[in-house]
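Q: Could we go through this structure together? I would like to start with helix packing and then move to other topics.

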Amino acid sequence: MNDETIAMCTLGRIFGFKPLYAHAMVDELGSASAVFGLSAGQKAELLGAASRYVAELNDDALEFSRAELERLQRDGCRFITYTEDGYPPLLKECDDPPVGIYYKGKDEPKDVFSRPMVSIVGTRDISLYGTEWCRRVVSWLAEAKTPPTVVSGLALGVDIIAHRAAMEARIPTIGVMPTGIDDVYPARHRPDATRMTQSGGSALITDYPTCTSPIAINFIRRNRIIAGISQSTILIESKEKGGGMITARLASSYGRDLFVLPGRIDDPRSAGCNALIREKLAEPITDAGSFLDAIGLQRPSRRKTSDLLEEVEAKLTGALAPEMVKLAKRMAQAIKEERGICIEELSQKLGVSYADASTITRLLESEGFIQIDVLQRCSIMVKIA
């Protein structure tokens, strides 16, 4: 690492909540290193004699950053300044971008941040409805011709469901942390975070220095990065006040596309989503095709019905017992013949238990053969010739 990176890292730690101060000084002097080359009098003249920051801009602060970055480098982390190619390009367009971000991932940052990105956020107190539709939205993104990276905050509820759904669908996901890159909050999500750092295109990022605790104010600062690096933000469920709403409104203020999952008008967990629709700040998500069109992604190809049963057999042979593969083919055929048939009707039509019908249809959905809506109605995903 070079002296400029160390100086940028130090400015990030000192002016983390006021990044515009750091940007202004670098613009004025030409480099971050030049800030630390000023005399005490020059620093006071630049920042004001009463500024507490004058005393913090010292050589000890630089040495602290040097030691931190050397330690993180050994752990596979790096610090990317906003003047580098690897810095997220959309974040750089925001009014208040951090001077740098800590990064941990398998791939080069430039490659990771060059992909389209969609953030998915919402309440920790997610409902079954929200859980189902969060996973469904991620599956739609995964089916796009150019699947985007799913961005979220590693928190309980919507965040971790979105991350896990992305990894299950084998599309990249980025976790934006309210702590230092050396920690994971909550701790129970550490295995997910580790998996993300080991998956191609995925990563963990933060603008907080090491040993930062996950206090409430840190989540608000974290949310601007989630909104800032993404071309679109999706709010799954949220009360009228909460972190998801803060991220959504930040995305709107940055001029990014905003989508919400509409919900019942008497459900507090949908109050925030419904409010954004009412204020005409967000578009409601209603179906896969119009959503992917609105978000700027091409719709998925659909499956030829003539190939369906052959593909089901090829995909599931070896994974299921032969009799269950036959049942899966029968179910696929029944769904092809009767679009919109529900799982209970399938079990009755084929003379199998509801549990077996539910298990097989969910498997067919996870493999991309069918779609199941919130009323458990099934339909085939068919390729266009």
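**Helix packing, cavity and backbone**

A: H17 passes H18 in a right-handed crossing. Please note that the model is predicted.

Q: At what angle do H17 and H18 pack, and how far apart are their axes?
A: Helix H17, residues 322-337, and helix H18, residues 343-350, pack at about 115°, and their axes are 11 Å apart.

Q: Which residues of H17 and H18 meet?
A: From H17 they are Leu327, Arg330, Met331, Ala334, Ile335 and Glu337, and from H18 they are Leu346, Lys349 and Leu350. By class, this contact of H17 with H18 has six nonpolar and three charged residues, with no polar ones.

Q: How do the axes of H18 and H19 cross?
A: The axes of H18 and helix H19, residues 354-366, cross at roughly 120° and come within 9 Å. The crossing of H18 and H19 is right-handed.

Q: And which residues make that contact?
A: H18 contributes Ile343, Glu344, Leu346 and Ser347, while H19 contributes Tyr354, Ala357, Ser358, Thr361 and Arg362. The contact of H18 with H19 divides into four nonpolar, three polar and two charged residues. Leu346 of H18 takes part here, and Leu346 also meets H17.

Q: Moving along, what about the axes of H9 and H10?
A: Helix H9 spans residues 128-143 and helix H10 spans residues 158-168. Their axes come within 9 Å and cross at roughly 40°, which means that H9 is oblique to H10. The crossing of H9 and H10 is right-handed.

Q: Which residues meet there, in H9 and in H10?
A: Thr131, Cys134, Arg135 and Val138 of H9 meet Val158, Ile161, Ala162, Ala165, Ala166 and Glu168 of H10. Seven nonpolar, one polar and two charged residues form the contact of H9 with H10.

Q: Changing topic: how many cavities of 30 Å³ or more does a search of the whole structure find?
A: The search finds one cavity of 30 Å³ or more. About 90 Å³ of space lies in the largest cavity.

Q: Which residues that line the largest cavity are closest to its centre?
A: The lining has 16 residues, and Gly12, Gly16, Pro98, Val99 and Asp207 are the closest to the centre.

Q: Which elements give two or more residues to that lining?
A: They are helix H1 (3-14), helix H2 (19-29), strand E2 (100-105) and helix H12 (216-228). H1 gives the most, with four residues.

Q: What is the make-up of the lining of the largest cavity by class?
A: It has nine nonpolar, three polar and four charged residues.

Q: Now the backbone. Is the peptide bond from Tyr185 to Pro186 cis or trans?
A: The bond from Tyr185 to Pro186 is cis, with omega near -5°.

Q: Where is the place of Pro186?
A: Pro186 is in the loop between strand E5 (173-176) and helix H11 (190-197).

Q: And Cys211: is its phi positive or negative?
A: Cys211 has a positive phi of about 70°, although this residue is not a glycine.

Q: Where does Cys211 lie?
A: Cys211 lies in the loop between strand E6 (203-206) and H12. H12 is also among the elements that give two or more residues to the lining of the largest cavity.

Key: Residues numbered from 1 in each chain as written. Predicted model: local features only at pLDDT ≥ 70, side-chain atom pairs only at ≥ 80, totals over all residues. Heavy atoms only, no water. Axes fitted to C-alpha atoms, helices over the stretch in contact; angles between N-to-C directions. Parallel < 35°, antiparallel > 145°, perpendicular 65-115°, else oblique. Left-handed = near helix turned anticlockwise from the far one by under 90°. Contact = heavy atoms within 4.5 Å. Nonpolar A, V, L, I, M, F, W, Y, C, P; charged D, E, K, R; others polar. 1 Å grid on protein atoms, 1.4 Å probe; cavity = no way out; pocket = protein on both sides within 12 Å on 5 of 7 lines; lining within 4 Å. Points joined across faces, edges and corners; volume = space filled by probe spheres on them.
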